[in-house]
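Welcome to this guided tour. Please open the structure in your viewer and keep the selection tool ready.

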Amino acid sequence: MFKLNLKIALRNLWKHKGYTFINLTGLAIGMASCILIFLFIRFQFSFDEDHKNEDRIYRVVTHWKYNAFDDVSSGVPVPFAAAARNEIAGFEKVGSIFKRGGIIHVNDQNGKTTIKTQQAIYYTDPDFFEVFSDIKWKYGKPQQALSAPNTVVLSEGFAIRFFGNTERAIGKNITLGINTNLEVTGVIQDMPQNSSFPLGIIVSYQTFYGRNNSNWDSVNSSSSCYVLLKEGVNLDDVQVQLDQFNSKYYPIQKVAGNQNNQLQALRDIHFSTAYDNFGESTIGKSEVYGLAIIGLFLMLTACINFINLSTAQSVNRSKEVGVRKVMGSKRKQLIVQFLTETFALSLIALLVACVIAEMVIPSMQNLFNGQIEFSLFSHPIILLFMAILVVIVAFLAGFYPALIVSGFSPALAIKNKISLNGKGLSIRKVLVVFQFSITVVLIIGTLVIVRQMEFVQKKSLGFNPNAVAMVSILGDSTSVTKFNTFREQVLPVSGIESISFCQSPPLSDDVNATDFTYNGIKNKDFELRTVRADENYFKVFDLKLIAGKIFMKSDTANGCVVNETFLKKINVSNPQDAIGKMLDASGNFMPITGVVKDYNDKSLKEGISGVAIFPGKNQYWNTAIKIDAKKIMPAMKEVERIWNRTFPNGIYQANFVNDEINSYYEGERITGVLFKVFAGVIIFISFIGLFGLISFVATQRTREVAIRKVLGASTIELVKMLNGSFLIMVFIANLIAWPLAYLFVKKWLAGFAYQMELTAWPFVLAMCISMLITLLTVSIRSYKAAVANTIDALKYE
């Protein structure tokens, strides 16, 4: 029976090639989009999956609660792990891991350097691999490999890169920095791409220079701690123990901001945008769910097309239904027959969708700068999703039309007197309105996202980032003595305008914040962001001084400069009143010599911090170089040559401040591209469906149009008659979509501290776009019907 139904289904699909093509195109594009969205969502939810005991693994994070704000960090104080290991009974294992950067030298047998590379270095204790006991070791064991000083474990990739193969790496030496020799004592399997721990070069904790730090008030996000809870231990019980621990080590009178530690579940790390992680990859679950909703809308749009065309086309199959009923077919059998047709079409659409998805995957990977690898067959769950997708689409798209067609009266069907009643027509109109409401919401969302990103790029930041290159420098004692030499050689280069030694550009996520004392009074309301830079920093970035003066060039710290926001937060209204006042912050006790006009020190998603700029000769790791925009390329080549000659043991690294600023909005850029693509897809699906629907309506009203022409109706009047109902439906869809779109864009814009003014123009423009495309789509088909030869329509009447 199924074979017969399938044969009839294929014949019917082939008979109505035009409608089959429209339905197939809509379903295939919708399915392809859903598959791509599922691949992305599946990848995001696969982060840190399949770890043994993952439900018992937690990261320890740090919280602060000040009078005016709360702050968080993914790091912990260095002494936390040792104390927690001994005092919190609910912890089975406590593992520390510290991320730092370093230059690795690999020498040949003659001592000549064959590889010199800048890499992330992870310092861990053996217990870290007890927490993550399923990390596979190719050679060595953690307790032996990482227990002694000056030992290192490599991933397979680094072992092969440094020594040709994994086995040959064991026992060899690499050099970290200038003179820290490390013996390779183990090799681990490469960590998967969907891991928050991209471990490559792992050095023993005993080698870590900061391991003896006993300051509980010093927290760095690159110093993390992971714990494994004992089996059967309740998280609430452990939290009680941790609260007692916090009370012991963070007494309010000694540690600022009510500092304390909390636990974060392993599977929450990737989705926690408040904290960072070593994989430098986080995404909010709301963004993932938003994409899932778009995928659902895409599929609904394609299914609505199918429903509308199938119900409209059902009139043409009324005789078939009547004959089958007279011959004894039951309604249930007819429903199965029409669902079989839908299933066959859905299956064909899936095959086409897989081809489309496979072709689009390289572009999608490029969108994410190659950081994500997609494959249609990388996991069985993807194939399961495709199978479920076909079944759901076949049911959603086919059930209602099957119900309508199978319900035709045999007598009326055979006499060809079936017509869709008002109710059926109403449902089709409701579906069209719903479909176009989705389309309009996406159009408005796309317009607002694009406009906001333009606003972000054009907004004045309070400083000039154009044509400023940040060139990294070494911070060791030998390199510091060469700073002036480097400056003196770079300044005469053609195109170089000015140069400054600093920690970071004015806008940076490299944040150092601390509590402070102003004019002898301890502040408890907020933390002060501290920036290290020399006296030329203000000239390079064109920072505007509004009171006092810049600190003088000196070998010792002699003053600092603060911004307007700092003064506002401490309730100083006149900048001149702050000049000469003493500021004690981050180990510096010095007078305020000047006040600069506010500038955006973080991305426009956040407000301006209270900032103090201190000189700090031994704490610079970047050089800001202002360059004539017309001479950037030759000037940078000469800077690189001078740098390599001045710092032969280092690795030259440079990037432009504007590029770094744009990177803070990478997520929004990707969101904007996805919205453009999927809005375009939904618009395409919606309007090919609309074209199919107007084609059917025009065919059904051929004789009516002919009679009206005979009675004197003009072509324009006929086109208006056929177009009118569709334009009204799209207009109603706009009215429904506007409040929904407003709620969406307002929530999205709320993620920016600085946002465009939300006016009526995106809503009006979305209406114009949707109405114009509708008008063009239906007019093409209705004009063809209006100018058709009346004789052909009426010669048999």
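Begin by selecting tryptophan 643, which is buried because its relative accessible area is 0%, where buried means under 20% relative accessible area, exposed over 50% and partly exposed in between, with a 1.4 Å probe and protein chains only. What you are looking at is a predicted model, in which local features need pLDDT of at least 70 and side-chain atom pairs count only at pLDDT 80 or more, while totals for chains, interfaces and linings use all residues. Residues are numbered from 1 along each chain as its sequence is written, and side-chain values use heavy atoms, with hydrogens and water left out.

**Stop 1: aromatic pairs**

A search of the whole structure gives 42 aromatic pairs. Rings of Phe, Tyr and Trp (its six-membered ring) pair if their centres lie within 6.5 Å; planes under 30 degrees apart count as stacked, over 60 as edge-to-face and the rest as tilted. Tryptophan 643 and tyrosine 652 form an edge-to-face pair, at 5.8 Å centre to centre and with 70 degrees between the planes.

Next, select phenylalanine 675 and phenylalanine 744, which form a stacked pair: 5.5 Å centre to centre, with 20 degrees between the planes. This pair links distant parts of the chain, since phenylalanine 675 is in helix H21 and phenylalanine 744 is in helix H23 (residues 715–749), 69 residues apart. Helices (H or I, at least four residues) and strands (E, at least two) are DSSP runs, numbered from the N terminus.

For a group of rings, select Phe128, Phe129, Phe132, Trp137, Phe197 and Tyr226, which ring pairs link into a cluster.

**Stop 2: tyrosine 122 and lysine 99**

Move on to tyrosine 122 in strand E4 (residues 113–124). Tyrosine 122 counts as buried because its relative accessibility is 2%. Which residues does tyrosine 122 touch, not counting residues up to four places away in sequence? Among them are Ile97, Phe98, Lys99, Pro198, Leu199 and Phe278; contact means heavy atoms within 4.5 Å.

Lysine 99 counts as buried, at 18% relative accessibility. Not counting residues up to four places away in sequence, lysine 99 touches Ala120, Ile121, Tyr122, Ser222, Phe278 and Glu280.

**Stop 3: a cavity**

How many cavities of 30 Å³ or more are there? The count comes to 2. On a 1 Å grid over the protein atoms alone, a cavity is a set of points where a 1.4 Å probe fits but cannot get out, and lining residues have an atom within 4 Å of a point. Grid points are joined across faces, edges and corners, and a volume is the space filled by probe spheres set on the points.

The second largest cavity has a volume of about 40 Å³. To see its lining, select Asn305, Asn308, Leu309, Val432, Gln435, Phe436, Gly689, Leu690 and Leu693. Helix H9 (285–313), helix H14 (422–458) and helix H21 (666–700) are the elements that give two or more residues to this lining. The lining residues divide into 5 nonpolar, 4 polar and no charged. Here Ala, Val, Leu, Ile, Met, Phe, Trp, Tyr, Cys and Pro count as nonpolar, Asp, Glu, Lys and Arg as charged, and the others, Gly among them, as polar.

**Stop 4: two loops and a helix**

Select asparagine 53 in the loop between helix H2 (17–45) and strand E1 (57–65). Its phi is near 60 degrees, a positive value in a residue other than glycine. Asparagine 53 counts as partly exposed, at 23% relative accessibility.

Then go to alanine 467, in the loop between H14 and strand E12 (468–472). Alanine 467 has a positive phi of about 55 degrees, although it is not a glycine. At 16% relative accessibility, alanine 467 counts as buried.

Finish the selections with valine 240 in helix H8 (residues 235–249). Valine 240 is partly exposed, with a relative accessible area of 47%.

**Last view: the whole chain**

Zoom out to see the protein chain, with its 25 helices and 24 strands. Of its 797 residues, 51% count as buried.

Key: 1 Å grid on protein atoms, 1.4 Å probe; cavity = no way out; pocket = protein on both sides within 12 Å on 5 of 7 lines; lining within 4 Å.
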